[in-house]
Amino acid sequence: MTTTRLPRTAGVLLAGLVLAALAGCGSADKGPAEALGTKGPAEPVKAVPAAPPGLPGMPPLLDPNDVYAADRPNKLSPVVKDFPSRIYVPNTNSNTVSVIDPETYRVIDTIPVGVQPQHVVPSWDLKTLWVNNNRGHTLTPINPATGEAGKPVEVHDPYNLYFTPNGKYAIVMASMDKELVFRDPHTMDRVKTVPVTCYGVNHADFSADGRYFIVSCEFSGELLKVDTERMEVVGQQKLPFEGAMPQDVKVSPDGKTFYVADMMAHGMWVLSGDKFEIPKLLPTGKGCHGLYVSRDSKEMYVSNRGEGTISVFNFPENKLTKKWTLPEGGSPDMGGVSADGKVLWLSGRYNSEVYAVDTRTGKQIARIPVGGGPHGLAVYPQPGRYSLGHTGIFR
């Protein structure tokens with residue numbers, strides 16, 4: 001036989017009715033009491049988007065919809081706020097780094113480094129600039145507070161250098177060795193070597209959650225997808241263009257799309273990093289090479305090295321909106337944006353010079369002579385909490 005609980009339910013209901021009645025009596029001077037159960041629905045609570053779960057130890061994004069939210073104009077970390085503003089230019093053919101004062105647009109120092117310096121890379125903790133001496137098989141540390149170079153560290157084939165978003169590892173792009181080498185970010189001691197089957201690993205960028213990164217393989221026209229925590233290649237594909245030579249890689253502010261510059265396809269490959277599907281080509285200009293995001297996260301500056309131009313891609317509009325031409329031509333390559341966002345600095349790879357371009361008008365401000373083969377110059381300091389490497393990818 002089933003026993004019902006009607007007495008208890010009825011008691012609860014009766015108590016509720018009594019309370020409602022009392023409430024009605026207490027508010028008689030404010031109008032008739034509202035009947036039980038007739039009140040309209042409560043105002044919906046606006047959902048606050050939560051940041052995606054990130055790589056363990058990675059600082060959470062300031063804005064889950066903008067990976068570059070920490071890079072706003074002059075928003076310098078306490079670590080770098082007292083560093084002098086400088087442009088560090090690795091001269092691949094001269095084995096030097098030219099140091100430019102951005103206020104005077106003049107070279108104020110020339111630092112001897114190792115053989116074939118390719119990029120000047122800010123460390124994850126922002127305290128050191130590492131010069132990648134590719135054929136010298138060393139990294140030269142520069143103290144950005146003083147501009148002085150320290151003792152070189154032996155690292156084989158350091159074409160480029162990145163850091164995991166949690167700061168746990170440095171990742172050396174060993175282009176000729178066909179390796180991704182995970183190292184201690186301070187001592188550069190080797191932790192794990194990941195052999196790859198593509199040729200010319202050189203540039204990369206990380207997903208919004210930091211759990212994977214996309215790598216360009218310049219000499220075989222391929223892309224890799226690498227699991228950051230497992231330190232393993234989890235995807236590989238050939239670009240759908242004969243003779244493709246992918247270069248710089250950059251993720252969109254919302255973290256959904258990756259852009260890969262291609263100097264032979266003359267444009268950017270566009271793809272979802274999560275899906276890692278066959279990418280589509282967006283033509284920009286001859287020799288598409290470097291990708292740099294504006295301080296407001298609305299635009300991306302695309303250097304077209306083969307024609308001396310800079311294309312401007314608008315993220316909200318999802319299209320190219322402007323194209324700037326350097327007077328007297330040039331070979332705009334790698335670089336970065338000034339701390340205030342007003343100047344785009346690019347090396348002139350085949351012209352032994354550096355270009356300063358006004359990001360509001362696209363006009364050239366200065367053309368500065370430097371050493372031979374200037375390549376991955378770093379604008380420093382820049383806004384951001386930590387560096388993911390290359391010439392300065394900050395979050």
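How many bridges join strand E21 (residues 288-293) to E22? Five bridges do so, and the two strands run antiparallel. Two strands count as paired if DSSP finds at least two bridges between them. Strands (E, at least two residues) are DSSP runs, numbered from the N terminus.

This is a predicted model, in which local features need pLDDT of at least 70, side-chain atom pairs count only at pLDDT 80 or more, and totals for chains, interfaces and linings use all residues. Residues are numbered from 1 along each chain as its sequence is written, and side-chain values use heavy atoms, with hydrogens and water left out.

**Strand E22 and its partners**

E22 also pairs with strand E23 (residues 309-314), again in the antiparallel sense. The table sets out the two pairings.

| Pair | Bridges | Residues between the strands | Residue with positive phi | Opposite residues |
| E22 and E23 | six | four | Gly308, about 70° | Met300 and Phe313 |

Six of the six residues of E22 (residues 299-304) are buried, so this strand is largely enclosed by the rest of the structure. Buried means under 20% relative accessible area, exposed over 50%, and partly exposed in between (1.4 Å probe, protein chains only). In a regular strand the side chains alternate between the two faces of the sheet. On one side of E22, Glu299, Tyr301 and Ser303 are buried; on the other, Met300, Val302 and Asn304 are buried.

**A residue in a loop**

Tyr199 is found in the loop between strand E12 (190-195) and strand E13 (201-206). Tyr199 counts as partly exposed because its relative accessibility is 46%.
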